[in-house]
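Subject: Handover of a structure

Dear colleague,

Please find the structure below, together with its sequence. I would be grateful if you kept it open while reading the notes that come after it.

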Amino acid sequence: MKRIEHKQPAQNRPAALRQTAGRPPKTADSTRPNAFTLIELLVVIAILALLMSILVSSLSKARRQAYFVICNANLYNYGLATYMYLDDNQQVFPFALTCVYSRSTFTSDHPAACRWHDAQVQPDGPLWPYMAAKDVNRCPEFASIARRIGADHPYHDSRIPIEPQFTYSMNGYLSAGDAISPLNNPEQMVKMSQVKRPAGTLFFAEENIWITHQNNTPPDEISLNSEALNDMYFYPRQYGYGDGIATFHKASDPKRLTGLSNVLFIDGHVNAEKAFDETDWNRGYSNKSYNLCVNHEHRKY
Ligand SMILES: [Zn+2]
Ligand SMILES: [Zn+2]
């Protein structure tokens, strides 16, 4: 009896009350599905895509800026390491080609064209003990570029994975001797006191993996050949032959052929420089005066 008093049968409730139980009252709009229309969905997706693209591009810009700063610091450390080396070696420069990787790394097992990405080759040159870590040898921006196109090098040995080991190269004009061996007589090696314009003379630069301005053509193509990064000897490009500084930092073109390189000068400052045009170099072979120019000016030391 008590239960019947508290619970009225549904058919006895007022009509309005029956309609609100469990679902909203039916109106003229209730025939429309309670969901996004296709247009609304597309608008939401478009807005999300826009927000994502803004986020991703600003993140990648921030990452590239961080890479640029790390690279700058790497070269600064190269300067500090070399100054310590010079203090211990009567201010005579080390030999560029073998300053970080000695001659013992030139073997048939480690092809010259692939030394820069051969993780089996360990740094053991005279500058190496003055350096803090292997990471200091690598530009972080360079790594992804190298992995993307490094295997396109015509002399690439496909058995050697692309694991960039070094990016920076020393000005070859600071080395007396031929391309492979330093002179036997230390008196003929280049000394710090011979550098007349330390602030204008290239010390170390990050080297490009590709050649630009080849044979005076416009820098519109990536060209990998035997002159691209393969050792730590920076041999200024002339007549379409020789090394060039990096062009990938802060480049606005998609192929990164027109950007900047971090360059360490002998006075220890690091500056971002555009690739030198080959006519900006003055080689001075004949009189061994080691003419060298950077920054679009001929500079002698
Ligand atoms: Zn760099
Ligand atoms: Zn290779």
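The notes below cover the basis of the model, its sheet, a helix, the nonpolar core and some backbone angles.

The model is predicted: local features need pLDDT of at least 70, side-chain atom pairs count only at pLDDT 80 or more, and totals for chains, interfaces and linings use all residues. Residues are numbered from 1 along each chain as its sequence is written, while chains are lettered from A and ligands numbered from 1 in the order in which they are written.

Helices (H or I, at least four residues) and strands (E, at least two) are DSSP runs, numbered from the N terminus. Five strands form an open sheet with mixed pairing, in the order E3-E1-E2-E4-E5; two strands pair if DSSP finds at least two bridges between them. E3 and strand E5 (270-274) stand at the edges with a single partner strand each, so one side of each has no neighbour in the sheet. Between E1 and E2 the pairing is antiparallel, over three bridges, and Tyr168 has Glu206 in E2 as its bridge partner.

Helix H3 (38-88) lies across E1, E2, E4 and E5 and runs at about 20 degrees to E4. Such angles run from 0 to 180 degrees between N-to-C directions, with axes fitted as lines to C-alpha atoms, for helices over the stretch in contact. Contact between two residues requires C-beta atoms, placed from the backbone, within 7 Å. The buried residues of H3 include Cys71, Leu75 and Tyr85, and its buried residues pack against H4, E1, E2, E4 and E5. A residue is buried if 20 or more other C-beta atoms lie within 10 Å of its own, exposed if 12 or fewer, and partly exposed in between, with C-beta atoms placed from the backbone.

The largest nonpolar core has 47 residues, of which Ala96, Phe204, Met232 and Leu264 touch the most other members. Such a core is a set of buried Ala, Val, Leu, Ile, Met, Phe, Trp, Tyr and Cys residues joined through C-beta atoms within 7 Å. H3 gives the most to this core, with five residues.

Finally, Lys250 has a positive phi of about 55 degrees although it is not a glycine; Lys250 lies in the loop between strand E3 (233-234) and E4. Arg256, in the loop between E3 and E4, is likewise not a glycine and has a positive phi of about 60 degrees.

Yours sincerely
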